[in-house]
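Here are my notes on the model you sent over.

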Amino acid sequence: MGLNSFQLKCIAVITMIIDHTGAVLFPGDLIFRYIGRISFPIFCFLLVEGFSHTRDVRKYMFRLGLFALISEIPYDLAFRNTVFEYEHQNVFFTLFLGVVMMYTLEKSREWPVKAVEVLLAMWFANLLGTDYRFKGIILIAIYYFLRNFKWRKLAAGTVWNLLWGRIQMYGTMATAFLLFYNGKKGPSMKYFFYLFYPLHLLILYGLHHMTL
């Protein structure tokens with residue numbers, strides 16, 4: 001019973017598609033963006049789960065970093081209508097920084113050091129202009145530090161969504177799905193999810209130009 005990691009990824013991907021479809025093709029219709037707020041909290045939750053269970057953290061970081069680079073041109077095309085735009089970076093960069101942060105936190109024992117590491121990750125997210133910027137790093141840190149406390153973790157994640165205004169508050173709906181997480185992995189298909197991100201952005205970019 002419940003939802004495994006694969007099923008949660010599918011929910012996150014579907015709501016992400018809805019979000020990006022609204023942003024690219026129907027920018028004036030906010031219902032797409034409201035539904036889309038569900039995806040990021042689920043991705044951050046699963047990022048921490050993946051980090052906790054991966055056999056090779058460095059390979060995990062490498063995959064995220066690689067697909068951050070691969071996805072950047074499709075991201076810029078879809079959302080900025082240009083090949084290169086340096087002020088905003090795709091969500092893979094946020095997730096990559098989150099894993100780097102968790103990797104360094106695992107090697108630190110003292111809380112002052114851990115606090116500095118979180119702040120540095122937040123600073124880099126803002127410097128690079130990653131999706132969700134420092135806010136995304138905060139959510140990853142919440143799920144990481146509270147990973148062994150289910151109800152505190154879900155409650156804190158819900159509060160995070162409520163802090164950032166009228167649209168992100170709809171991200172609280174993600175908690176309803178995370179509540180049913182059963183801790184099981186389910187089918188892997190990890191490269192499908194990695195590849196799907198840049199591919200769906202290219203499709204949306206093409207559809208947008210077909211409708212002009």
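1. Overall fold. The chain has ten helices and zero strands, where helices (H or I, at least four residues) and strands (E, at least two) are DSSP runs numbered from the N terminus. This is a predicted model, so local features need pLDDT of at least 70 and side-chain atom pairs count only at pLDDT 80 or more, while totals for chains, interfaces and linings use all residues. Residues are numbered from 1 along each chain as its sequence is written, and side-chain values use heavy atoms, with hydrogens and water left out.

2. Dimensions. A compact globule with 212 residues would have a radius of gyration near 17 Å, and the chain agrees at 17 Å; the radius is taken over C-alpha atoms, and the globule rule is 2.2 Å times the number of residues to the power 0.38. Along its principal axes, the C-alpha trace spans about 55 × 40 × 35 Å. Of the contacts (heavy atoms within 4.5 Å) with a separation of 6 or more, 71% are between residues 24 or more positions apart.

3. Core. Buried residues make up 45% of the chain; buried means under 20% relative accessible area, exposed over 50%, and partly exposed in between (1.4 Å probe, protein chains only). The largest nonpolar core has 53 residues, and I42, V99, M101 and M102 touch the most other members. Helix 5 (residues 91–106) gives the most to this core, with nine residues. A nonpolar core here is a set of buried Ala, Val, Leu, Ile, Met, Phe, Trp, Tyr and Cys residues joined through side-chain atoms within 4.5 Å. Beyond its neighbours within four places in sequence, V99 is in contact with L47, F51, V57, Y60, M61 and L64.

4. Salt bridges. Which residues are linked in a network of salt bridges? They are D19, R33 and R37, using the cut-off of a Lys or Arg side-chain nitrogen within 4 Å of a carboxyl oxygen of Asp or Glu. The closest N and O atoms are 2.5 Å apart for D19 and R33. D19 lies in helix 1 (residues 5–25) and R33 in helix 2 (residues 31–36), so this pair ties together parts 14 residues apart in sequence. For D19 and R37 the closest N and O atoms are 2.7 Å apart. D19 counts as buried because its relative accessibility is 5%, and R37 is buried at 8%, whereas R33 is partly exposed at 26%.

5. The other pair. E106 and R147 also meet in a salt bridge (3.6 Å, N to O). This one links helix 5 to the loop between helix 7 and helix 8 (150–163), with the two residues 41 apart. E106 is partly exposed at 46%, and so is R147 at 28%.

6. Backbone to check. N81 isn't a glycine, yet has a positive phi of about 60°; N81 sits in the loop between helix 4 and helix 5. R133, in helix 7 (residues 133–145), likewise isn't a glycine but has a positive phi of about 50°.

7. Surface. V116, L120, W123, F124, L127 and L128 make a nonpolar patch of about 580 Å². L127, in helix 6 (residues 111–128), counts as exposed because its relative accessibility is 54%. Patches are made of residues with over 30% relative accessible area and no salt bridge, joining like charges within 9 Å and nonpolar side chains (Val, Leu, Ile, Met, Phe, Trp, Tyr) within 5 Å.

Conventions. Accessible areas come from the Shrake-Rupley method with a 1.4 Å probe; for residues, only the protein chains shown count as cover.
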